[in-house]
Amino acid sequence: MKSMTGFGSAEANVNGRKIKVEITSINSRKGADLAINLPRELAALESSVREHIQKHVSRGRVTVSVFLKANEAGERKLRINRKKLRAYDRELKSIASEIGHAGCVSLEYLLNLPGVLDDEKHEGQDEKFNAKVLQVLEKAVDGFQKSRMREGHFLCRELAGQMTRLDASVARVEARREDILLRYRQNLQKRLEESGLQVALDDERLLKEIVIFSDRCDTTEELTRLRAHFAEARRLLKTPEAIGRNLDFLLQEISREVNTIGSKANDLEVSRRVVELKTELEKIREQVQNLE
């Protein structure tokens, strides 16, 4: 059980350079939405990074950022390829002589020609270095996953408490069913008496009216389905898999049953309980949006 929000980071020093990886995620209704930010020299690793993250994330907007920075403690001097420098100088002087050009080429120009300078800080930008970057990524993913699991466990505890409150409200609605029918029967008899009509308690017309009312406001099926939905929600909260989508769908079904109970309610107390249920459901829905 994981939250869609999390953070993880890791770093390492390799060949005088610091590798740092940061992973952050936020909620998203879509599947895994990945944004990979790599330095240009590591662009070839994008597919490997994306593939690795997709193994661990099924939902959420995830941003992976890799940073490379010179490590002052490991800073190295520039190495000059003197052989290439002399070769460039000879060739340029030969060409200048051929065309009758009197100007001279500056040392700065020569140093900027390809292959003359070799910055040792960038040595190691090969398969071994790339493998180290992926190792740092793995450490960052580990912290990222632990962060999401901590948040997910907290959310599950909160959701379990909210489900208990839903259950209590439904129990109070269920307890009102007999009272509603008895009150309707008493009010019906009272209205008949006030109108001057004498109707026996076992009169067929009176009993028929009570039966019709009972059928119209009966919520037995809705309450039974709610109990089943609550049981399924509790089961999901105990599973380690990604359950966000399943819970979201289940909440829609629960909301549908609650709305039906509200439409059938012919009782002030039941109407109050329905409002409580809808309020609690909205809170749960907001929490579920955070689950993977």
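I began with the term salt bridge, which is a side-chain nitrogen of Lys or Arg within 4 Å of a carboxyl oxygen of Asp or Glu.

**Entry 1: the model**

I noted that this is a predicted model, in which local features need pLDDT of at least 70, side-chain atom pairs count only at pLDDT 80 or more, and totals for chains, interfaces and linings use all residues. Residues are numbered from 1 along each chain as its sequence is written, and side-chain values use heavy atoms, with hydrogens and water left out.

**Entry 2: salt bridges**

I looked up Glu 253 and Arg 256, whose side chains meet in a salt bridge at 2.6 Å, N to O. Because they are 3 residues apart in helix α8, about one helical turn separates Glu 253 and Arg 256. I took helices (H or I, at least four residues) and strands (E, at least two) as DSSP runs, numbered from the N terminus. Arg 256 is partly exposed, at a relative accessible area of 45%. For this scale, buried means under 20% relative accessible area, exposed over 50%, and partly exposed in between (1.4 Å probe, protein chains only).

I then examined Lys 146, which forms a salt bridge with Asp 142, the closest N and O atoms being 3.3 Å apart. Lys 146 and Asp 142 are 4 residues apart in helix α4, so about one helical turn lies between them. Lys 146 is partly exposed at 45%, and Asp 142 is partly exposed at 40% relative accessibility.

In helix α2 (residues 82-99) I found Lys 93 and Asp 89, 4 residues apart. Their salt bridge has its closest N and O atoms 3.2 Å apart. Lys 93 counts as exposed at 54% relative accessibility, whereas Asp 89 counts as partly exposed at 21%.

I also recorded a network of salt bridges that links Arg 172, Glu 269, Arg 272, Arg 273 and Glu 276. My search of the whole structure gave 22 salt bridges.

**Entry 3: nonpolar cores**

I took a nonpolar core to be a set of buried Ala, Val, Leu, Ile, Met, Phe, Trp, Tyr and Cys residues joined through side-chain atoms within 4.5 Å. The largest one has 28 residues, and Leu 226 and Leu 247 have the most contacts inside it. The elements giving two or more residues to this core are α4 (127-175), α7 (220-237), α8 (244-264) and α9 (268-288). Helix α4 supplies the largest share, 7 residues.

Contact here means heavy atoms within 4.5 Å. Another core, of 24 residues, lies apart from the largest one and includes Ala 12, Val 57, Leu 137 and Val 141.

**Entry 4: Ser 25**

I placed Ser 25 in strand β2 (residues 17-37). Ser 25 counts as buried, at 6% relative accessibility. A polar atom of the Ser 25 side chain lies 2.6 Å from the backbone oxygen of Met 4. The backbone nitrogen of Gly 6 lies 3.0 Å from a polar atom of that side chain of Ser 25. Leaving out residues up to four places away in sequence, Ser 25 touches Met 4, Thr 5, Gly 6, Arg 61, Val 62 and Phe 144.

**Entry 5: the whole chain**

I counted 9 helices and 5 strands in the protein chain. Along the sequence, the pattern reads β-β-α-β-β-α-α-β-α-α-α-α-α-α. Of the 292 residues, 36% count as buried.

Note on methods: A polar contact is a pair of N or O atoms within 3.5 Å; within protein, one must be able to donate a hydrogen and the other to accept it, and residues adjacent in sequence count only if both atoms are side-chain atoms.
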